[in-house]
Structures are given as C-alpha cells and as structure tokens.
Amino acid sequence: MAVGIVAVEDQERHYGGRITAFVALSCMTAGMGGVIFGYDIGIAGGVSSMEPFLRKFFPDVYRRMRGDTWVSNYCKFDSQLLTAFTSSLYVAGLLTTFLASRVTAGRGRRASMVLGGAAFLAGAAVGGASVNIYMVILGRVLLGVGLGFANQAVPLYLSEMAPARLRGAFSNGFQLSVGIGALAANVINFGTEKIRGGWGWRVSLALAAVPAGLLTLGALFLPETPNSLVQQGRDRRDVARLLQRIRGAGVDVGDELDDIVAANGAAAAGEGGGLRGFLFERRYRPQLVMAVMIPFFQQVTGINAIAFYAPVLLRTIGMGESASLLSAVVTGVVGVASTFASMLAVDRFGRRTLFLAGGAQMLASQVLIGAIMAAELRDSGGVSKAWAGVLILLIAVYVAGFGWSWGPLGWLVPSEIFPLEVRAAGQGVTVAVSFAFTVFVAQAFLFMLCHMRAGIFFFFAAWLAAMTAFVYLLLPETKGVPIEQVAGVWRAHWFWCRVVGPEPDDQARVGRGKL
C-alpha cells in the first residue's frame, strides 16, 4: 500500500517559465505581508518582557517579576490582560478573514494587500502613541485586521505567480518573510530595551509602519495574478500578455493559460465553488480536511508559544532582560536560516520528506526541553548557566525543525491544493483556523505554563507525534504538480480515492506511486 505518496503521470501539458525580474520583484513586494506578520509575532513577546512597558500597562505582572510578591517561577507572567494584548491581534484577524476572502475572490489578491497594508499603518501609529491599555489593544486589533487581509492574499499570490517547478520555493518565501520579520523584531527589541527613559517599547511598536508602508505602496503597483484576472472575467488576450510577461519572453504559456481558463469555466458553469461548495461537496473533502488540520497542527507544534513568549520563557528560567532578548535574536537567526534551507530543499525532496523529518526533530526537542525544565526548574530560583545554555540550544534546534518543515509548509501546502473555484474560500478557512488556534495558544500558554509546569512541553510533543503520523498516512506529495492539476493527486491516494471517487471526465491520469 502506498502511504501518502502519489505520482502524476505525463499529462501532455507543458508549463514553461523562468524566474524573471518582474515576478521576483512582485513576490518580494508581496512578501512584505509576511514580514509584518513575523514582526508582530516577535515584537509582542519582546515588549511584554520590558520592565517600562510592564510597569506602565501591566503593573501586577511587573511586581511579580520584581519579586515584590512571591509567586512560582512558572506563574510570574500568568496574566489574562497580558495575554489579551498578545491574542487581540489574532482575534481581529480571525474576524476579518471571511471579509478578506470575499475581497480576495471578487476584487483580487492585490486589493486585499492594499487594504491590509493600510490597516497595518494605522495599527503601528496607534500602538506607538499609546497612553493606556485600551490604545495598546486597539493598535493590536488594527494590526490584526491587516493580518486578516494579508494572510489571505499573500500566500495565494505567491503560489499563483510562481513557475510550477519552483512553486514550493516561492511559496516558502512567505515563511522566510515571517522569519525575517520576527528576527527584525528581536533585534529591534534588543536595541530599544537599552533606551534610557523607558520609551523604547514605543519605537518597537511604531516600526511596524516600515514594512506596512512598503506593502501598501508596493501593492498599488503590483500586477494581479493571471488566475485572479480570469476569475474576474478579464479578456483572455490581456491575461495571456500578463502571463507571458511573468513567465518570460519566448516561453509557451498556452497550456498553463488553458488550465486556468478551464478551472474558472468549471466554476462559472456551476460545477462547484464558493464557501458552501468547499464545505459541503464531497470532491472537496480532502482539501477541507487539510484546510482545517494543517493550520491546527501548525499551531499545536507550540511554535507560537515559543515565538510570542521566548523572552518571557527565558526570563522564567532566570535570565536577565537583555540576555533573554539577545537569546531570542539568536533563535530568530536560526529560524531564518532554516527557512531559507527549506526554500532550497522543498522542490527537490518534496513536502512530505520535510514534514516528517522536521516533525521528528521538533518532537525530540520538546521532550528534552520538558525533561530539563521538570528536573532543574523549581518554583523559586533559576537554572544554572550550563542548563540555561542547553535549553537555548534545544529551543534553537526546535525552531530550526519548524523553520524548514511546519513553518513554511503549513502555508505552502494549503495555498497549492485548492482548485481555482474554491481557492479563496479554502484559503479563508485555512487562515481562519490558523487565527482561531493562534488565539487559543496565545491566550492559554501562560496559564498552562503556570498550572502544567514543564508538562506543557510534553503536551506539545504529543501533538507533534500525532501530526507526523497524519502526514505519513494522509498527505499526498504535490512536488512539481502544476497548481491547476493538483486535484488529481487525491484520486491516486490510497485513502482519499475512496472519498472523492473517480474523475468524471478522466482528464487527470494519475498513477499510484510507491514508498
């Protein structure tokens, strides 16, 4: 029995294309949406460990951290108000997602990026100028609205603009952008923490305006994707000219354009489409399962707990403010480097290989982190410098595993598996589920750390074991399959072929592969 591996036979379709300057610049500009996402993740954990910020907005946490009130090491940062500051971003993103899905489908990927960039600019301005907790949270909410639009549009934009043979590398660029944004946030937090006068946190929050401005301005000049233009009913000749410009002069784009038009024609003829079709039609059942389970699993890897609260977690084990922020910078560098490695490897070794290897690496790291924390960290005092160094190393190994597996692939795979007629709806479900469980992790992590102690790391390790088994059994390989032909891999899969049934018109001749 072939478990999850399928191979697409020669379908006599030729997708040409090379990396042109036009498509590279377009994707780099769109990638600013990922930079802002990463920046917002990283900046929250950093400023929430800064003493001036805590003293002004979270005095109870500040007193506990200073030792004015005795509390367990594991519970010093357990504050629902503090976690509300972090998770308000993702609540707003979740509520924005379905509006963003309609805009992305009806008005195009570019329109959503413009709206997202404008919301990011407003959020950065409000956050940097905050004088009370309400303004701080309002700034996070506005940033969340921006994320709702950007996370809906940017992964689709990258996957549709990329040449088929390099789609994995291009789409992984979104996670690379997220990693760069998080690294920039960690570096900036390390610098602004040293500003005398206690206003460095304002600089950290306000500098989100830099990538936001680049996204907003750049999106005004970006081309729309050919897939989206066809979906909007634009003239085929105009789309052909744009596709020729994207793929390069002299490249035959006829087969690719035919597939895009055929996919749109199926939707226009009433052969499925939209959110209702995606949720309830049997032939979309595999994609629906992946749209829910992949972002769910991505969140219960525990990565956002590390990303949000790395400085807080490092202070929990007894490190000082500057040392904890510097350690977060180191793990940020590891995350960016591993994501870049994933870009180079994903179209050579495939999605499944990286998922499985990265999952095993993260599982081992979480188990070891939990074991050391359980053995060495008590309710009072810290851990020795040697053990603190080991923990930082294990966190870096864990971040590396995520950076070349579930990080980029958690965005890549959903963005490439949906047929055109349900692509915006499917991406909307993916982003909504991601935001929903991000909120849960952000809101629950400090409470769980307080009550479960080191057991929380074993909790995440159990989920890592489950998701690795899920990928091994149920996720087919999509490496090298043109985006408008990916639907065929489900009919060749040992399990999903029983769910979706045979291809009605027998256009997709897909063969079963081998382990």
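**Overall picture**

Tutor: The secondary structure of the protein comes to 24 helices and two strands. Helices (H or I, at least four residues) and strands (E, at least two) are DSSP runs, numbered from the N terminus. This is a predicted model: local features need pLDDT of at least 70, side-chain atom pairs count only at pLDDT 80 or more, and totals for chains, interfaces and linings use all residues. Residues are numbered from 1 along each chain as its sequence is written, and side-chain values use heavy atoms, with hydrogens and water left out.

Student: What share of the 515 residues is buried?

Tutor: Buried means under 20% relative accessible area, exposed over 50%, partly exposed in between (1.4 Å probe, protein chains only). Of the 515 residues in the protein, the buried share is 62%.

Student: Among contacts between residues at least 6 apart in sequence, what percentage join residues at least 24 apart?

Tutor: Contact means heavy atoms within 4.5 Å. Of the contacts between residues at least 6 apart, those joining residues at least 24 apart make up 81%.

Student: How are α2 and α5 oriented to each other, roughly parallel or roughly antiparallel?

Tutor: The axes of α2 (residues 32–47) and α5 (residues 80–106) come within 10 Å and cross at roughly 165°. Axes are lines fitted to C-alpha atoms, for helices over the stretch in contact, and angles run from 0 to 180 degrees between N-to-C directions. Angles under 35 degrees count as roughly parallel, over 145 as roughly antiparallel, 65 to 115 as roughly perpendicular and the rest as oblique. Therefore α2 and α5 are roughly antiparallel.

Student: Which residues of α5 meet α2?

Tutor: From α2 come Phe37, Asp40, Ile41, Ala44 and Val47. Their partners in α5 are Phe85, Thr86, Leu89 and Tyr90.

Student: Is Ser415 buried or exposed?

Tutor: Ser415 sits in helix α20 (residues 406–417). Leaving aside residues up to four places away in sequence, Ser415 touches Pro155, Leu156, Ser159, Ser171, Gln427 and Ile483. Its relative accessibility is 1%, so Ser415 counts as buried.

Student: What separates the C-alpha atoms of Lys479 and Arg348?

Tutor: Lys479 lies in the loop between α22 (455–474) and α23 (488–492). At 34% relative accessibility, it counts as partly exposed. Beyond residues up to four places away in sequence, Lys479 touches Val346, Asp347, Arg348, Phe349, Gly350 and Arg351. Lys479 and Arg348 are 131 residues apart along the chain, and their C-alpha atoms are separated by 8.0 Å.
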